[in-house]
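Dear colleague,

I am handing over the structure below, and my notes on its strands and aromatic rings follow it. Please read them alongside the coordinates.

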Amino acid sequence: MKNYLFSLALSATSLMCFAQANISPAPKQSKTIAITGATIHVGNGTVIENGTLLFGNGKIISVRADGQVPQDDVVRINATGKHIYPGLIAATTNLGLVEIDAVKATLDFQEIGDFNSHIRSIVAYNTDSKVPATLRSNGVLMAQPTPQGGTVSGSSSVVQLDAWNWEDAALRKDDAMHMTWPVTPRFRGGFGGFGRAQTSPEALAERTQAAIAQLTTFFAEAKAYSEMGKPEVINTRFEAMKRVFSGDEKLFIAAESQKDIVAAVNFGKKFGISPVITGADEAYLIVDFLKENNITLVVKQPHALPNNIDDDVNMPYKNAAVLANAGLNVVLSIDGYWQQRNLPFMAGTVTAWGLDKEKALSTITLNAAKAMGIDKTTGSIETGKDATFFISAGDALDMRTNKVEQAFIQGRDINLDNLHKQLDKKFSDKYSAEKK
């Protein structure tokens, strides 16, 4: 009986293993590699035809346009007719902080309370998640797992998507503090409040002002705390804000309407901070103000509806192009975690609505790296930076031709298999066998 139970348990374990996409992180790069013949999309707006990319020890050694390989003792990869792109970066996502939306035990992106500056997303980042592997297959090789909820949500970090644990994954810990600006109420009528008690405009406005006052008090107290030196009693919420006031950590503020964006920028300036604005639906209405204050914007995906009933219905598609063409640093983002695999195609959509294709690529590579403070080491294919890039058989921003054939993270040749590919093969095999 014992042997039977043992065998049964072993069989169940085996079935579970086969049902999982168990992919080990790639080993460290051991040999210098030269990729020749490809079109190299640098990520800074330039393109190198028939380029040669040489990298070793996880770093880019040289990027050449003459087709020559400067070293003899290298492994050569012929990529003639193919394209090389920098690793794409998923901004402001809860990737790795949630696995299954409907299972509460897998949700770890939000804490209770309004002021959670002491929360760090990096320690909750799950490298065993099955989702990142599906992103890598489309060229998304880095991400910014971001806490959500409350007024001050906590600190995000930047990770690469092929790691054993969060310590291995971290490219930059605590890159930004995230907060949501209290929304200024707007009234347009309609059926939104049917069946519920209505709150008067005056009460909503008063509630918003109270929230702003509370936020201002929190920042003022945190700033005073940061200037105290070594306090006798440690306040973990204020302690976490020190890096924001010192400039070592950026401040990302979620704001949608033009009035809220202006208020958020002025709020930051009051405390000596130049914030990054996320969401930014109505940023196109205040371009001059944003340029004057040198504001970086993390805009929403273009596949959306406009906020206002009298807006141009295509404004979400145009927003990134209007802002980027005006000279602002624009980053493109997508809500959630599963949708991040469509990030390159969102950038492709933007190109159809007025933005140059290489500039669109920058919104998910170098511009994102600048916003997160990692542009010295990644975000573009340039000498001295991390060898984090991928090879596609076609245009990576077009879902019809994006075909990632090989990808490298810090020089490591990563496995592009994932659970979706395994399931596709499994059932393709099943139904092809039944037809025979």
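Predicted model: local features only at pLDDT ≥ 70, side-chain atom pairs only at ≥ 80, totals over all residues.

Is Tyr317 buried, partly exposed or exposed? Tyr317 counts as partly exposed, at 23% relative accessibility, where buried means under 20% relative accessible area, exposed means over 50%, and partly exposed lies in between (1.4 Å probe, protein chains only).

Residues are numbered from 1 along each chain as its sequence is written, and side-chain values use heavy atoms, with hydrogens and water left out.

To begin with the strands, helices (H or I, at least four residues) and strands (E, at least two) are DSSP runs, numbered from the N terminus. Strand 14 (residues 389–392) is covered on both faces, with Phe389 and Ile391 buried on one side and Phe390 and Ser392 buried on the other. Strand 14 runs antiparallel to strand 5 (residues 83–86), to which four bridges join it, and it also pairs in the antiparallel sense with strand 15 (residues 404–409), again over four bridges; two strands pair if DSSP finds at least two bridges between them. Ile391 has Ile84 as a bridge partner and stands opposite Gln406 in strand 15.

Turning to the rings, the structure holds 15 aromatic pairs, where rings of Phe, Tyr and Trp (its six-membered ring) pair if their centres lie within 6.5 Å, and planes under 30 degrees apart count as stacked, over 60 as edge-to-face and the rest as tilted. The pair of Phe219 and Phe271 is tilted, because the ring centres are 5.5 Å apart and the planes stand at 50°. Phe219 lies in helix 4 (residues 201–226) and Phe271 in the loop between helix 6 (258–270) and strand 11 (276–279), so this pair ties together parts that are 52 residues apart in sequence. Phe219 is buried, with a relative accessible area of 1%, and Phe271 is buried at 8%.

Tyr317 and Trp353 also form a tilted pair, at 5.4 Å centre to centre and 35° between the planes. This pair links distant parts of the chain, with Tyr317 in helix 8 (residues 315–325) and Trp353 in the loop between helix 9 (343–351) and helix 10 (357–362), 36 residues apart. Trp353 is partly exposed, with a relative accessible area of 32%.

Finally, ring pairs link a cluster whose members include Phe115, Trp181, Phe219 and Phe271.
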